[in-house]
Amino acid sequence: MNKTTPEKEQSKYNKLIVVLSILIPIIVAVLFGVKIPNVEPLTFLPPIYATTNAITAFVLIFAFIAIKNKNINLHKRLMQIAIILSVLFLVMYVVYHMTSDSTKYAGEGILKYMYYIILITHILLSIIVIPFVLITYVRAITNDIERHKRIAKITFPLWLYVAISGVLVFILISPYYQY
């Protein structure tokens, strides 16, 4: 019998994980600088993608609770929903920035420093979390549960921070949006 180990099965995904982990931030950065001419700014999108981030945070928390209660099927479905929501967020975020100028933060004092700390950590961790999410997901679908659990302990708080900090960035900058 030629039984495939989880590690061998995962190795099929390694190149894809590396490629996506590099390409996604590059594509987002490139598209961030592209403006679609003669298109009305899609100023309705920021509250929608901020809400998507908030829902993602709740889904991640419910997925964590589901797995703690040993409800594997619910956990699996919720994690798939979290991935879909994160992709939807990213698409809306990029489309918004392709049709709208970036909003400058005009707050002052301690809020200004808080905003930039949250924004910078949000951006950096949103890039860092990509391979973690992909590796964690691959370990789950290849049934490498022990290694899945180990990396999930890192992925979960990173991803949750990215989702929550995205909402905080929106809340802090929303008074300065031009609707």
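**First stop: Thr99 and its surroundings**

Select Thr99 and, leaving aside its neighbours within four places in sequence, you will find that Thr99 is in contact with Ile36, Val39, Glu40, Pro41 and Leu42, where contact means heavy atoms within 4.5 Å. This is a predicted model, in which local features need pLDDT of at least 70 and side-chain atom pairs count only at pLDDT 80 or more, while totals for chains, interfaces and linings use all residues. Residues are numbered from 1 along each chain as its sequence is written, and side-chain values use heavy atoms, with hydrogens and water left out.

Thr99 has its place in helix α3; helices here are DSSP runs of H or I with at least four residues, strands are runs of E with at least two, and both are numbered from the N terminus. Is Thr99 buried or exposed? Its relative accessible area is 8%, so Thr99 is buried, given that buried means under 20% relative accessible area, exposed over 50%, and partly exposed in between (1.4 Å probe, protein chains only).

Ser100 is found in the loop between α3 and α4, and with a relative accessible area of 4% Ser100 is buried. Which residues does Ser100 contact, leaving aside its neighbours within four places in sequence? They are Lys35, Pro41 and Leu42, and a polar atom of the Ser100 side chain lies 3.5 Å from the backbone nitrogen of Leu42.

**Second stop: the whole chain**

Zoom out and colour by secondary structure: the protein chain has 5 helices and 0 strands. The C-alpha trace spans about 65 × 35 × 25 Å along its principal axes, and of the 179 residues in the chain, 34% are buried. Among contacts with a separation of 6 or more, 80% are between residues 24 or more positions apart.

Select helix α1 (residues 6–32) together with helix α3 (residues 72–99), which pack at an angle of about 25° with their axes 8 Å apart. The axes are lines fitted to C-alpha atoms, for helices over the stretch in contact, and the angles run from 0 to 180 degrees between N-to-C directions. That angle makes α1 roughly parallel to α3, because angles under 35 degrees count as roughly parallel, over 145 as roughly antiparallel, 65 to 115 as roughly perpendicular and the rest as oblique. Show the side chains, and you will see Ile24, Val28, Leu31 and Phe32 in α1 meeting Leu90, Tyr93, Val94, His97 and Met98 in α3.

**Fourth stop: the nonpolar cores**

A nonpolar core is a set of buried Ala, Val, Leu, Ile, Met, Phe, Trp, Tyr and Cys residues joined through side-chain atoms within 4.5 Å. The largest such core has 16 residues, of which Val59, Leu60, Leu78, Met79, Ala82, Val129 and Trp159 touch the most other members. At least two residues of this core come from each of α2 (45–68), α3, α4 (110–141) and α5 (145–173). Centre the view on Leu78, which touches Val59, Phe62, Ala63 and Ala66, not counting residues up to four places away in sequence.

Apart from this core lies another, of 15 residues, including Leu45, Ala50, Ile118 and Val169. Select Ile118, which has its place in helix α4 and is buried, with a relative accessible area of 14%. Leaving aside neighbours within four places in sequence, Ile118 is in contact with Tyr161, Ser165, Leu168, Val169 and Leu172. Ile118 and Leu168 are 50 residues apart in sequence, and their C-alpha atoms are 7.6 Å apart in space.

**Last stop: two loop residues**

Finish with Asn38, in the loop between α1 and α2, and Lys70, in the loop between α2 and α3. Asn38 has a positive phi of about 60° although it is not a glycine, and Lys70, also not a glycine, has a positive phi of about 65°. Asn38 is exposed, with a relative accessible area of 83%, and Lys70 counts as exposed at 68% relative accessibility.

Definitions and conventions: A polar contact is a pair of N or O atoms within 3.5 Å; within protein, one must be able to donate a hydrogen and the other to accept it, and residues adjacent in sequence count only if both atoms are side-chain atoms.
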